[in-house]
Protein chains: 2
Amino acid sequence: MSTPDASTPDSYPSTPRTTATRSRERMTYDRELVHAVLDEGLLCHVGFVVDDAPVVLPQLHVRVGEVLYLHGSTGARALRTAARDGLPVCVTVTLVDGVVLARSAFHHSINYRSVVVQGRAELVSDPAEKSAALTALVDGVVAGRSAGVRGPSVKELAATAVLRLPLVEVSAKVRRGDPKDDEEDLDAPYWAGVVPLTVQPGPPQPSADLTPGLAVPDHVATWRPGA
Amino acid sequence: MSTPDASTPDSYPSTPRTTATRSRERMTYDRELVHAVLDEGLLCHVGFVVDDAPVVLPQLHVRVGEVLYLHGSTGARALRTAARDGLPVCVTVTLVDGVVLARSAFHHSINYRSVVVQGRAELVSDPAEKSAALTALVDGVVAGRSAGVRGPSVKELAATAVLRLPLVEVSAKVRRGDPKDDEEDLDAPYWAGVVPLTVQPGPPQPSADLTPGLAVPDHVATWRPGA
């Protein structure tokens, strides 16, 4: 890998493997946009290599500054590997914003924002960093939640593995707006446009074994994904 | 890899690499469930290996019987590789069904359904299969759409690559229902339950260059993800 272009406060550096070979106009390295996508995404897809073959699994993640933390059980094979040497990973978070309906089959698409982070994930061994990361993971799912639950015990902390992936080699890809039909199709008698998509929370459903009389707290009642 | 357990009409075989090392109770090989998740998911995350490092990218997919088709540009590096030798991939589709709020930080979770397909993706060269796959891809996003658009030209077909991945080595993982707190936390004064999540379509937004008077067709007006 050659030296990346210098990063700036506003953007990540582009490197050979974060430079797209197609749809270049959709690529961005904008730090604020990258952070927003990572923060809005409830889960990521983590790719790693096992016996020369790719494996992709959904995982919870949270961003703290310029670090992405990933959560898992200490029993997981990938995490045992990471404990030894660090684990080369590709972490991808994708938000689907709409379905793009063109006049031609060829130009159908999806409006989306996705972020790809490449690097070597390392097991967090420092207890204070691990505890802070787990608190951030809970609050990353529902803001304010960690203050309204029982915190982790020593035994639970030991049973949980947290991986740390610095945000260094990072890129984003975004498609927005109308379909881009060919000029000669614009008068075709087919409807074209976008159906926007959002992730909507339904009414909170109390656990069957919940102590009667416990009301839904504000941090749950007002929660929306990405808020 | 050892011989997989025999598949049945109702389920995929389990193989060493589709057998979880943890959370085994969440694993399933049920064919109907796998199909439902693949069909409801608007996009997948495709993992492959480039220079020994994992890469994970979002892609459109569609299932036709026991084959998963993936869509891409012929310019993409991975697809050029697939054209030569077939490309070892891991394709993962994840649907998020809810946020699971427990009384303890440790037992917070996500309700989800995910499917992992492993295998070797091959470029579709037969023109009839390719054309059928592209039609299925359009209808896989919005059912009935392919009949209301201009079909692909010879040039467009040539510019599109379709990969074929047979559904052979397939597993699913599902978490449903209430949080599973420890017995001694059940009386803690913290609300516990699930906030369900669904992907909701908003009102269709006509393209800025749409011919005036063209109404939103039924297949768009009534569309919902997974329908």
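A:D51 counts as exposed, because 8 C-beta neighbours lie inside 10 Å of it, and a residue is called exposed if that number is 12 or fewer. The model is a predicted one, and this residue has its place in the loop between β2 and β3 of chain A. The phi angle of A:D51 is near 50°, a positive value in a residue other than glycine. A:D52 also lies in the loop between β2 and β3 of chain A, and it has a positive phi of about 70° although it is not a glycine. A:D52 is exposed, with 8 other C-beta atoms within 10 Å.

Which residues of α3(A) are buried? They are A:K130, A:A133, A:L134, A:L137, A:V138, A:G140 and A:V141. Seen down the axis of α3(A), these buried residues fall within an arc of 160°, so they line one face of the helix. An α-helix has 3.6 residues a turn, so residues three or four places apart point the same way. The length of α3(A) can be checked too: at 1.5 Å a residue, its 15 residues should span 21 Å, and the end C-alpha atoms are 21 Å apart, which agrees.

In chain B, helix α1 (residues 31-40) has B:V34, B:V37 and B:L38 among its residues, and these three are buried. Seen down the axis of α1(B), its buried residues fall within an arc of 95°, so they line one face of the helix.

**Strands of chain B**

Strand β7 (residues 109-123) of chain B is largely enclosed by the rest of the structure, because 11 of its 15 residues are buried.

| Strand paired with β7(B) | Bridges and sense | Residues standing opposite |
|---|---|---|
| β6(B), residues 87-101 | 13 bridges, antiparallel | B:G98 and B:N111 |
| β9(B), residues 169-175 | seven bridges, antiparallel | B:R113 and B:V174 |

**Where the chains meet**

The contact takes 84 residues from chain A and 85 residues from chain B. On the side of chain A that touches chain B, the elements giving two or more residues are β2 (43-50), β3 (53-64), β5 (87-101), β6 (109-123), α3 (127-141), β9 (193-201) and β10 (205-206) of chain A. Of these, β9(A) gives the most, with nine residues. The residues on this side of chain A divide into 52 nonpolar, 21 polar and 11 charged.

The same surface serves both copies, as 100% of the contact residues of chain A recur in chain B.

Conventions:
Residues are numbered from 1 along each chain as its sequence is written. Chains are lettered from A and ligands numbered from 1 in the order in which they are written. This is a predicted model: local features need pLDDT of at least 70, side-chain atom pairs count only at pLDDT 80 or more; totals for chains, interfaces and linings use all residues. Two residues are in contact if their C-beta atoms, placed from the backbone, lie within 7 Å. Helices (H or I, at least four residues) and strands (E, at least two) are DSSP runs, numbered from the N terminus. Ala, Val, Leu, Ile, Met, Phe, Trp, Tyr, Cys and Pro count as nonpolar, Asp, Glu, Lys and Arg as charged, and the others, Gly among them, as polar. A residue is buried if 20 or more other C-beta atoms lie within 10 Å of its own, exposed if 12 or fewer, and partly exposed in between; C-beta atoms are placed from the backbone. The arc is that of the directions from the helix axis to the C-beta atoms. Two strands pair if DSSP finds at least two bridges between them. The expected span of a helix is 1.5 Å times one less than its number of residues.
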